[in-house]
Amino acid sequence: MHFDLFFTVLLAGGISAGLYGFLPISLILTYRISRTIAFVHGGIAALGAILYWIFSLHNDFLPNYIITFSQAQDPKTFGHRPKWEPFPSMLAVVAIGAILAGTYGFIVMSRQLASLTVLTLTIVSLGAMMGMVGVSSLMNVDANVFPDSPFGSGRHKLLPESMTSHQPLLITNNQIFTFLTVVGLSLVLAVFLTRTHTGLVIRALADDQEAGVWCGVKLRAVGTLVYGVSGAIAALAGVLTSITVGANPADMLVFLLDGLAIAIVGGLRSLPLSLIGALLYGLTETALKVGFFGEVSLPVQAVVLYGALLSIIVVVARLRRDTFFLLERQSL
Amino acid sequence: MNAAGEPIVLEVRQLVAGYSGHAVLHQVDIELHAGEIVSLLGANGAGKSTLLKTIMGTVPVIRGEIHLLGQNISDWAPYKRVSTGIGFSPEGRRVFANLTVEENLLIGATSMSRAHRRDQINAVGDLFPVLAQRMNQRAGTLSGGEQQMLAVARAMMTKPRLLMVEEPSQGLAPVVVERIYETLREIVSQGEVAVLVAEQFQQVNEEASDRILVIDKGVVIPDSELASVTAAAAEVAP
């Protein structure tokens, strides 16, 4: 083992964990009210990545009549669709994600559909995801061209050179923003879920949806809100992933599976446990990538990563009766 | 109004209801007046639970009408029925186990304005002193009797005109059941609320009930045939 990389792994792994924290937040929020795994968020993340690519990059992707119309609006962009700045592009994608997921929530949380079995609703969600991934794939963007970050292209040295004998560790603005956003989102959600009546309603529905309805909860309104918020978070995850690894819908499915495994660390209920799962996943992945354990091939890296996650899930499940349950009881 | 001049709170007319278009209730007619406790008795699968859930709006009406305080609520969403005046304490209590007593009560008051929720918690606390002492305790850690009281208290949070309580004596000691019925009597004593209690035959509390209805295979037995049906049920009951 290369202990001289310890601080590099700790910092870079911690920051990369931010990216893995988004989808578990979405999955946990929707699981709390619907008891189903919202695969649809994987589709929204994939679509979000593609739309951000299209919005923020010059390209000839859209049909000619739109390009012609755009040229008429802005003659300087001759030959290309005029691009938007990265920040408004990101906001537009997040809004689209919220609208798509909110619409999905409005449909599946209706009285008729909400009473369907969990398995049926999960398959509906899988179908929605595959539909969106299919649409994303049709758009045929170049996944090797990475869009710009809405937070600038700055890079920062995170550790003084004296603390590592290897190349200095550079952290991008995008990575810093991603980390800060996931931390900020978690804090905002914690306050929302514990200090507002709507948050209380969401926690009650996680306990017993039917009893919530008998208490006068507007299931469809709450469902639409929760799906909308979690869809916005999923779309943001898509934007940030497209900047980091490219806008490839297939990659986004793998990213969703990572997020699902991390969410299961928290029993699909506990945000703090899931964020700990994301942190451990980020640290392990970084340690493998930078060679902390020596040279490790890509397939072995995948086996080690999922093996580590599986071990954590088993350990957490064994502790479930006392420690885990206690955490769940106070879960955010 | 009935002979005593108490207004009709609930009127169910020729109700046919069930799941996926298959009728479980057949031509049910019921009338409940303010200030009375009516016990609805029936064996397992007789249709008690379906009737209560149909009144709550979670089982669809196929034919017939449900009127609450004179308004036809047959196709209303459950939240609208709750805000108009129905409280429901379901079988098995169904309290939110991971929330505190106070949070359970707040959920019960979802359809009320924020300003009135706190006042209503205090009012319900006066009705159930044992809960008032345990506001910060998790509902899942309460005893069975306390959970039953919490379920009724939660249903009372919206100041309902119709309170429906499903199998309140299930799994509870007689002394606890007695206390729950005392509270139900206290609730109706103001003359504004009607209480419909669904129970198994052997759990009936005749002294606490103003009237008894019997349901069998989705049909509410007319008063004229009631004596023979209850006698037959008494023979079957252990």
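How many residues of chain A are in contact with chain B, and how many of chain B with chain A? The count is 16 residues of chain A against 22 residues of chain B, where contact puts the C-beta atoms, placed from the backbone, of two residues within 7 Å. This is a predicted model, in which local features need pLDDT of at least 70, side-chain atom pairs count only at pLDDT 80 or more, and totals for chains, interfaces and linings use all residues. Residues are numbered from 1 along each chain as its sequence is written, while chains are lettered from A and ligands numbered from 1 in the order in which they are written.

**The chain A side of the interface**

- Two or more residues each come from α8 (197–207) and α9 (209–214) of chain A; helices (H or I, at least four residues) and strands (E, at least two) are DSSP runs, numbered from the N terminus.
- α8(A) gives the most, with 6 residues.
- By class, this side has 8 nonpolar, 3 polar and 5 charged residues.
- Nonpolar covers Ala, Val, Leu, Ile, Met, Phe, Trp, Tyr, Cys and Pro; charged covers Asp, Glu, Lys and Arg; polar covers the others, Gly among them.

**Positive phi in chain B**

- Q14(B) is not a glycine, yet its phi is positive, about 50°.
- Q14(B) sits in strand β1 (residues 8–19) of chain B.
- S20(B), also a residue other than glycine, has a positive phi near 50°.
- S20(B) lies in the loop between β1 and β2 (22–33) of chain B.

**Exposure of these two residues**

- Q14(B) counts as exposed because it has 11 C-beta neighbours inside 10 Å.
- The cut-offs use other C-beta atoms, placed from the backbone, within 10 Å of the residue's own: 20 or more is buried, 12 or fewer exposed, in between partly exposed.
- S20(B) has 5 such neighbours inside 10 Å, so S20(B) is exposed.
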